[in-house]
Amino acid sequence: MPELPEVETVCRGLAVELEGRVLRRLELRRPDLRFPFPVGLVGLVEGKRILRVGRRAKYILVHFEDDGVLIAHLGMSGRMIISHPPILPATLEPPGRHDHVVLETETGTVIRFNDARRFGFLDYTTAEALDTHPLFAHLGPEPLSNAFSGPVLADRLAGKITPIKAALLDQRVVAGLGNIYVSESLYWAGLSPRRLAATVVGVRAERLATAIKEVLTRAIAAGGSSLRDYVQASGELGYFQHQWAVYGREGEKCPDCACAIGIQRFVQSSRSTFYCAKRQR
């Protein structure tokens, strides 16, 4: 599933094409994805000007001039693919089998929501109701915002007797983190994924909050990580997988440690965890 850097990268690509433009056409090529599309969705957004494209956690938010907000989630395999208007209209490729949603702007730019597994979805709300929407009401702070810091993280971990890896995957603690970036952040913070979350306070919490911000920032700069299905809105792959310190690197040498064992893997909460036993305590 695309994590925060991948969704942020897609949002930035969409913003270039959508912000300030009128959505001329929305085509729903099936009645649902993971969930049924909102009733009357086409009428709610067609002909409306898009003010901005943003993100909350792993959700894409398209804000319209009338206060409406189109919510999109990419699911496991969803892609937003941009096609610019061809010189000859007849040369525009027709929607493919898995192009379930098609958006077209007043300039002729077409954006296709391609989702082979159909685990993604669309929803609709208003900007005023966004924070209380069921998808967002429980979410923790955005890790790249000014509202996220060592003390804030320590406060949200207080009393939690679960391992820190599991706690960081809880979207109520921090929004948008997934398995890849939690493993990477814990490595650079020097914290064991097995450490109890409640013990991450003071300097440890500061190190972890800083590592989370730095890892996410570097991942966004690299266009995210292309693992299985993910591509940027331009159709290009992300490149951060080439910078992974531990994730997916079982048995390899640690990039910033002289340990003899190298990177280890174990299963934690049904997910693979990668770490360095010497560096991470």
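Reader: Which backbone nitrogen lies 2.6 Å from a polar atom of the side chain of Asp-99?

Author: A polar contact is a pair of N or O atoms within 3.5 Å; within protein, one must be able to donate a hydrogen and the other to accept it, and residues adjacent in sequence count only if both atoms are side-chain atoms. Here the backbone nitrogen belongs to Gly-96, at 2.6 Å from the Asp-99 side chain. Do keep in mind that this is a predicted model, where local features need pLDDT of at least 70, side-chain atom pairs count only at pLDDT 80 or more, and totals for chains, interfaces and linings use all residues. Residues are numbered from 1 along each chain as its sequence is written, and side-chain values use heavy atoms, with hydrogens and water left out.

Reader: Is Asp-99 buried or exposed?

Author: Buried means under 20% relative accessible area, exposed over 50%, and partly exposed in between (1.4 Å probe, protein chains only). Asp-99 is buried, because its relative accessibility is 9%.

Reader: And which residues is Asp-99 in contact with, leaving aside neighbours within four places in sequence?

Author: Contact means heavy atoms within 4.5 Å. On that basis Asp-99 touches Arg-29, Arg-112, Phe-113 and Asn-114.

Reader: How should I read phi at Ala-57?

Author: Most residues other than glycine have a negative phi. Ala-57 has a positive value, near 55°, and is buried at 1% relative accessibility.

Reader: What is phi near at Asp-67?

Author: Asp-67 also has a positive phi, near 85°. Asp-67 is partly exposed, with 33% relative accessibility.
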